Amino acid sequence: MQTFRAGGPLTGTIRVPGDKSISHRALMLSALAIGRSQIAGLLEGEDVLSTAAALHAMGADIRRHDDATWVVHGVGTGGLTQPGKALDMGNSGTSARLLMGLLASHDVIVSMTGDASLSSRPMARVTDPLGKTGAEFTTSPGGTLPLMLRGMTPAVPIEYRLPVASAQVKSAILLAGLNTSGITRVVEPIPTRDHSERMLKGFGADIDVETDTNGVRTISLHGPAELQPQHITVPGDPSSAAFFMVAALIVPESDLIIENVGINATRAGLIGLLQQMGGQIELQNEREIGGEPVADLHVRHSPLKGVAVDPAIAPSMIDEFPVFFIAAAMADGQTVTSGLEELRVKESDRLAMMAKGLQQTGVELQENEDGLVIEGRSGKPFISRLESSIHSALDHRIAMSFAVAGLASENGVTIDDVSPIATSFPNFETLIEQTQG
Ligand code: S3P
């Protein structure tokens, strides 16, 4: 149980931890390259550590050095070996789904477990297409974890058109293609984060991406791939920066610089949307780090206007909706969102959890099957109903979103369990204290 209260403006200059998506991928591809890779800026959150532990249990040598760089001695494509016990994926959907893909073309039998949140999330979206490569999956009833995977070598290359906009599904299939002879192809009608494609190219995989006139992307990977070890620098996570962006926008007199934030277009939807609402967010010092675009964000307190959100933007800010709803609740006027049914199968049902928590903090809204309609408070601080704490439901982003609401509240916002924050943003509270120093 923890209460977050208004503590004055957020000021100064901060850096958020490394990008979670890129960190998972950096570990996985390094583990499959032959030789020594080095990763700087890796996110040391529980989710990424689950990936590291799983790869280590299957033969990759992964070590953290005192200067916080991580060194990986990879085993070569197809070289991971049978782990001695079940792989525990904790809370991490990315670890579970991407490793299922990676292992589908390995000669291993693996049992995979996760916490209560992960064990309720849908896995058929990866086990169905991966089953076509020859790999076999025995899931729990409902197609969830715990599950048993039997990889296939040689696996069959597949062509798959994504039925849901999911970078995890896309990446799982591409990773299965690394140890598969022939062309593995993913057709992506709606673009999702492209970190896998960028990093596969960086490691020397034979991969090409074509975009047709309708914006449909076809990604072709020629396997088997021989990956070359790399030195990688992971940029700051825009999904973590989002909490500080919104906090600085809604807490009066804030003036904050967040350095070194990834601004890849497939991830940066929130920045443009907040700017459209009147948020003063300036991109400074734009540059490229490790094949990814990065900038420093200068964010100042701003009155925000409600907005009708185009559902097409959803994949480029899919993890930012919880904290976006906090911004919308502080705006002047109504904010309408739709097309967000994917939010119901994240670490929690994020539409339900956000709707409930916002109502507990004095916000009027309507919860629809695919989105929320929020009545903005025109900058009026949140007011908690004192008898109830917010339920974070094993979901780091629910906990952090309401922590941000607490910073702009009249009487504080209490969250029942903030421990999930460690999955993606271990120093979140320290950084809040630092910006309010
Ligand atoms: C991720 C993809 C997204 C995102 C998740 C990380 C990734 O999930 O929500 O936090 O690293 O590929 P989906 O693929 O389910 O959209």
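Residues are numbered from 1 along each chain as its sequence is written, and side-chain values use heavy atoms, leaving out hydrogens and water. Because the model is predicted, local features need pLDDT of at least 70 and side-chain atom pairs count only at pLDDT 80 or more, while totals for chains, interfaces and linings use all residues.

The ligand is surrounded by S21, R25, T94, R97, A165, S166, A167, Q168, R193, I318, D319 and K346, each with a heavy atom within 4 Å of it. By class, this shell holds three nonpolar, four polar and five charged residues (Ala, Val, Leu, Ile, Met, Phe, Trp, Tyr, Cys and Pro count as nonpolar, Asp, Glu, Lys and Arg as charged, and the others, Gly among them, as polar). Domain 1 (2–17 + 236–435) and domain 2 (20–233) each give at least three residues to the shell; the domain bounds come from an automatic or database assignment.

A polar side-chain atom of K346 lies 2.7 Å from a ligand oxygen atom. For Q168, a backbone N or O atom lies 2.9 Å from an oxygen atom of the ligand, and for A167 the corresponding distance is 3.1 Å. Taken alone the ligand exposes 380 Å², and the protein buries 95% of that (Shrake-Rupley method, 1.4 Å probe).

Turning to the backbone, cis peptide bonds join T153 to P154, with omega about -5°, and G223 to P224, with omega about 0°. N260 has a positive phi of about 65° although it is not a glycine.

Key. A polar contact is a pair of N or O atoms within 3.5 Å; within protein, one must be able to donate a hydrogen and the other to accept it, and residues adjacent in sequence count only if both atoms are side-chain atoms.
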